[in-house]
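Me: Could you take a close look at one part of this model for me? I'd like to go through a single residue and its surroundings, and then see what else sits around that part.

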Amino acid sequence: MGNIFAFLLRHHKFFVFIILEGIGFSLVVNYNKDQGSAFYRSTNEISGLAYKGIGNLKYYFHLQEVNDSLMAENARLRAKMLNALYFDTAKPKTITDTIVKQRYTFIPCNVVNNSVTNMNNYLTLGAGENMGIGNHLGVVTTSGIVGITRNVSKHFASVLSILHKDFTVSAQILENKQIGTVTWNGFDPDIVVMKDVPLNVKITKGMHVVTSPYSDLFPTGSSVGIVTKYEANHNDANYTIYIKLSTDMRNINKVYVVSNLMREEKIKTETIPVSK
Amino acid sequence: MISVVKYFLLFLMILVIQVFVLDQAPQLIPYSRPFIFFVFVIAFPDMEAVWLMALAFAGGLLLDFIYGTPGINASACLLLAYFKVPVIKMFKNSEEENLVPLAHIVYLGFIRYFFYILVLSFVFQLFSGFLTVFSFSGAGQTIMRAIVNALISSILIYIFEIIFFYRRAART
């Protein structure tokens, strides 16, 4: 113990220098906008690299499940192919289609880090600006919605998980088209809560909840989950509906980042002041 | 006690010259900025290193609050205070080592003293330059700017020192 004090005393000048320089650096990073954002961007990049290494390993052990989910998705897509359909017309004819336009594009990427046990959970994706991912885009898996990108560096993107207190999404019950808001209450990573559904609507267990047309981050009808429980809340005449997520948030490997090609136009239309 | 008050007034004067004169002056050489504020770290008399570092940090922070760049000048002034003694040792002859505690024109001579100021100015300009840009891309430009600024600042500091310190020291 005495040696430690002697050591500290002998080099006190150096330690004072390091401490004061540390204070100076934290001032620079926390109170200067440019330096702060550069600093947090690079730490994001470094932690992303570390997570990528771990993620690669995890990914290897999950290959079997990834294959299964890809097979399932392939099966679903094959079912939609023209050769899987039957055209009940006597005379086939060509139709030049000018009313169908692409609205959403999907960018596939790997998840390199994921948390479900915190009050606010995040995922990290192994793709960033280099793959065309931007801030504030929806993230889905083959089975349902996952979150929203919130911070993107060159090679990584951080995603606000659906299991985050700031996450809200407009959803609707598939069977009766009733629209409400889905959030997470912070307890069970399998269960989210839907609110703002009035008591006059009939709800049963097993109803499907999907994203509503109001949500511009996710394609309309992306799966959220299935109603497992509901409580009538007589104070504000609304239901509290508990939904089992269709995505297993503990076990995510492959996701698609959804880019809405018409979102900017929509927001512009909504925010431009009305001319008189 | 009197010398404390004297040096405090001198510090205030440096601050006023920096903020109200040099920062307002038109830019004569592109990308350059005359900056003499850190002269109080270089020129003030030798004191316990820890105290000098604390004073340098506090002084730099004061300027930072005026500029609205918390931490940048404070960190750079602190660095200067830490490296002041090693740089002085670099410029002294071996026989002067124990003889002269101060780095001063009177002891070091005009030319050696100028290079002493130049080295410290360069350290300051380089460190604060990189902290301001906060990136190593385009490092060449940051280094060039530090060299130009260090030269200009050194000349100004040299003049300042001759006016305020040399005559007095020569008299005693």
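Reply: Here's a walk from one lysine out to the strands and then over to the other chain. Keep in mind that this is a predicted model.

Let's start with A:Lys165. Where is A:Lys165 found in chain A? You'll find A:Lys165 in a loop of chain A, the one between strand 5 (157-161) and strand 6 (169-173).

If you set aside the neighbours within four places in sequence, A:Lys165 is in contact with A:Met119, A:Asn120, A:Trp184 and A:Gly186. There's also A:Asn185 to look at: in sequence, A:Asn185 and A:Lys165 are 20 residues apart, and from C-alpha to C-alpha they are 7.1 Å apart in space.

Strand 2 of chain A is joined to strand 5 by 4 bridges, and the two run antiparallel. To pick out a pair in the model, go to A:Leu125, whose bridge partner in strand 5 is A:Ala157.

Over in chain B, the picture is helical: the secondary structure comes to 7 helices and 0 strands, and the pattern along the sequence reads α-α-α-α-α-α-α. Chain B has 172 residues, and buried ones make up 32% of them. As for contacts in chain B between residues at least 6 apart in sequence, 69% join residues at least 24 apart.

Finally, where the two chains meet, chain A puts in 15 residues and chain B puts in 15 residues. On chain A's side, the elements giving two or more residues are helix 2 (12-31) and helix 3 (33-61). Helix 2 of chain A gives the most to that side, with 11 residues. By type, the residues on chain A's side divide into 8 nonpolar, 4 polar and 3 charged.

Methods: Residues numbered from 1 in each chain as written. Chains lettered and ligands numbered in written order. Predicted model: local features only at pLDDT ≥ 70, side-chain atom pairs only at ≥ 80, totals over all residues. Contact = placed C-beta atoms within 7 Å. Pairing = 2+ DSSP bridges. Buried ≥ 20, exposed ≤ 12 C-beta atoms within 10 Å, placed from the backbone. Nonpolar A, V, L, I, M, F, W, Y, C, P; charged D, E, K, R; others polar.
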